[in-house]
Amino acid sequence: MLEERSVARCAERLFVSPSAVSHALAKLRQMFSDPLFVRTGGGMLPTARAQSLERSLSLLKAVLDVELEAGRVSAPARHSSPASRCETFGSFLQELWRSRSCQH
C-alpha cells in the first residue's frame, strides 16, 4: 500500500483479491489504532503512523529479499492461497528472529 497507494493495485501485486487487502488493512488498522491510509481522490494516502513504519518495513523487505535469494527461505507459489503465503512469511520471521537472537 505504501508503494501502490491503491487497494486494487496492491492486491494485483500481491496476487490476492482486493477484499483480502481490505481485510488485512482493517486488521492492521486495529493493531496500530490508526487508519494508516485515508481514501482521497488521488488514491490512498498514508497517515503519519504509516509513514513512520515505512523505513522498518523497507528494511524487513530487504532482509526477506536477501534470504530468498540465498535460498534460506522459499517464496510461496503465485497460485498458493493467501493463508499459505502468510504462513510462509510468518515462518520466515520466526526463523529470522531465532537466528538474530542466537547471534547476540
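Student: How many salt bridges does a search of the whole structure find?

Tutor: The search finds four salt bridges. Please keep in mind that this is a predicted model.

Student: Why is Glu-3 called exposed, and what is Arg-13 called?

Tutor: Exposed means over 50% relative accessible area, and buried means under 20%. Glu-3 has 55% relative accessibility and therefore counts as exposed. Arg-13 has 42%, which falls in between, so Arg-13 counts as partly exposed.

Student: How do you know that Glu-4 and Arg-9 form a salt bridge?

Tutor: Their side chains meet at 3.5 Å, N to O, and the limit is 4 Å, so the pair qualifies. Arg-9 is partly exposed, with a relative accessible area of 46%.

Student: Which residues of helix H3 are about one helical turn apart and why?

Tutor: They are Asp-65 and Lys-61, because they stand four residues apart in helix H3. Their side chains meet in a salt bridge of 3.0 Å, N to O. Asp-65 is partly exposed at 35% relative accessibility, and Lys-61 is partly exposed at 42%. Elsewhere, salt bridges that share partners join Glu-3, Glu-4, Arg-9 and Arg-13 into one network.

Student: Why are H1 and H2 called roughly perpendicular?

Tutor: The angle at which H1 and H2 pack is about 105°, and their axes are 8 Å apart. Angles from 65 to 115 degrees count as roughly perpendicular, and the two helices are therefore described in that way. On the H1 side the contact is made by Val-7, Ala-8, Cys-10 and Ala-11, and on the H2 side by Pro-18, Val-21 and Ser-22.

Student: Which residues have the most contacts inside the largest nonpolar core?

Tutor: They are Met-1, Val-21, Leu-25, Leu-36, Phe-37, Met-44 and Ala-50, in a core of 13 residues. Helix H1 (7-14), helix H2 (18-32) and helix H3 (48-70) each supply at least two residues of this core. H1 gives the most, with three residues. In soluble globular proteins, nonpolar side chains tend to be buried together.

Student: With which residues is Met-44 in contact, leaving aside its neighbours within four places in sequence?

Tutor: Met-44 is in contact with Met-1, Arg-5, Ser-6, Leu-25, Arg-29, Phe-37, Val-38 and Arg-39, those neighbours being left aside.

Student: What makes Thr-47 a buried residue?

Tutor: Its relative accessible area is 15%, and buried means under 20%, so Thr-47 is classed as buried. Thr-47 lies in the loop between strand E2 (43-46) and H3. Apart from its neighbours within four places in sequence, Thr-47 is in contact with Asp-34, Pro-35, Leu-36, Phe-37 and Val-38.

Student: Where is Phe-15 found, and what is its phi?

Tutor: Phe-15 is found in the loop between H1 and H2. Phe-15 has a positive phi of about 60° although it is not a glycine. Most residues other than glycine have a negative phi. Ser-33, in the loop between H2 and E1, also has a positive phi, of about 50°.

Student: Are Phe-15 and Ser-33 exposed or partly exposed?

Tutor: Ser-33 has a relative accessible area of 69%, which is over 50%, so Ser-33 is exposed. Phe-15, with 42%, is partly exposed.

Student: Where in the protein is confidence lowest, and where is it highest?

Tutor: Confidence is lowest in helix H4 (residues 82-103), at a mean pLDDT of 62, and highest in strand E1 (residues 37-40), at 95. The protein averages a pLDDT of 80, and 69% of the residues score at least 70. Where pLDDT is low, the predicted coordinates should not be read in detail.

Definitions and conventions: Residues numbered from 1 in each chain as written. Heavy atoms only, no water. pLDDT = per-residue confidence, 0-100. Core = buried A, V, L, I, M, F, W, Y, C linked by side-chain atoms within 4.5 Å. Buried < 20%, exposed > 50% of the residue type's maximum accessible area, 1.4 Å probe, protein only. Contact = heavy atoms within 4.5 Å. Axes fitted to C-alpha atoms, helices over the stretch in contact; angles between N-to-C directions. Parallel < 35°, antiparallel > 145°, perpendicular 65-115°, else oblique.
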